[in-house]
Amino acid sequence: MNQTFLQQIIFICGLLHIALSIGSSVIPKVLQWNSALQNVQPLIRQIFWTYAAYILVINLCFGLVSIWGTKELTDHSFLATCITLFISAYWLTRIGIQFFYFDTSQAPKGFIFTLGEIALVALFVLFTAVYFLAFLYNNSWI
């Protein structure tokens, strides 16, 4: 695999991570989290919002690392190998959650929501593949 090409797609994935983070800010409103969490115990509600914030910050940091550390993510180092494997495993896990855990029976319906879900899953697949390729590259397997 060409290192320059791999760095370019990692950089693009970094931009997409940032776009995902920005787009994620509308999810609480679209899914009406405030009203859904009204009758939940305060501690549970606080834990929920904390986890949501952690996920948002992790996704944002993946983007920043991918943009500012593009070369370092392909330098064959132990750290590059670990980080690219971690990011790939993170997104692969997210795909599994999407298909095997989430109950989407009460998710918003309509063309725009279906299109949004397809786009998100495609993005998760792209992230999984790109960072796994980078992991393989860092191990000189490809």
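The following legends describe close-up views of a predicted model.

**View 1. Helix 5 and the helices packed around it.**
Helix 5 covers residues 78-100 and has 23 residues. From its first C-alpha to its last, helix 5 reaches 32 Å, close to the 33 Å expected at 1.5 Å a residue. Buried residues in this helix include Ala-80, Thr-81, Thr-84 and Ile-87. Ser-88, Trp-91, Ile-95 and Gln-98 of helix 5 are buried as well. The buried residues of helix 5 pack against helix 1 (3-24), helix 4 (42-68) and helix 6.

**View 2. Leu-136 in helix 6.**
Leu-136 has its place in helix 6, which comprises residues 111-138. With a relative accessible area of 15%, Leu-136 is buried, because the cut-off for a buried residue is under 20%. Leu-136 and Leu-85 are 51 residues apart along the chain, and their C-alpha atoms are separated by 8.6 Å.

Ser-21 lies in helix 1. This serine is buried, and its relative accessible area is 7%. When neighbours within four places in sequence are left aside, Ser-21 is in contact with Leu-56, Asn-59 and Leu-60.

Gln-32 is found in the loop between helix 2 (27-30) and helix 3 (33-36). Although Gln-32 is not a glycine, its phi is positive, at about 55°. His-76 is found in the loop between helix 4 and helix 5. The phi of His-76 is also positive, at about 65°, although His-76 is not a glycine. His-76 is partly exposed, with a relative accessible area of 39%.

**View 3. The nonpolar surface patch.**
Helix 2 and helix 6 each supply at least two of the patch residues. Helix 6 gives the most, with 4 residues. Leu-31 is partly exposed, and its relative accessible area is 41%.

**View 4. Cysteines Cys-61 and Cys-82.**
The structure holds 0 disulfides. For Cys-61, the closest cysteine sulfur is that of Cys-13, at 16 Å, which is too far for a bond. For Cys-82, the closest cysteine sulfur is that of Cys-61, at 18 Å, again too far for a bond. Cys-61 is partly exposed, with a relative accessible area of 36%. Cys-82 is likewise partly exposed, with a relative accessible area of 32%.

How values were computed. Residues are numbered from 1 along each chain as its sequence is written. This is a predicted model: local features need pLDDT of at least 70, side-chain atom pairs count only at pLDDT 80 or more; totals for chains, interfaces and linings use all residues. Side-chain values use heavy atoms; hydrogens and water are left out. Buried means under 20% relative accessible area, exposed over 50%, partly exposed in between (1.4 Å probe, protein chains only). The expected span of a helix is 1.5 Å times one less than its number of residues. Contact means heavy atoms within 4.5 Å. A disulfide is a pair of cysteine sulfur atoms within 2.5 Å.
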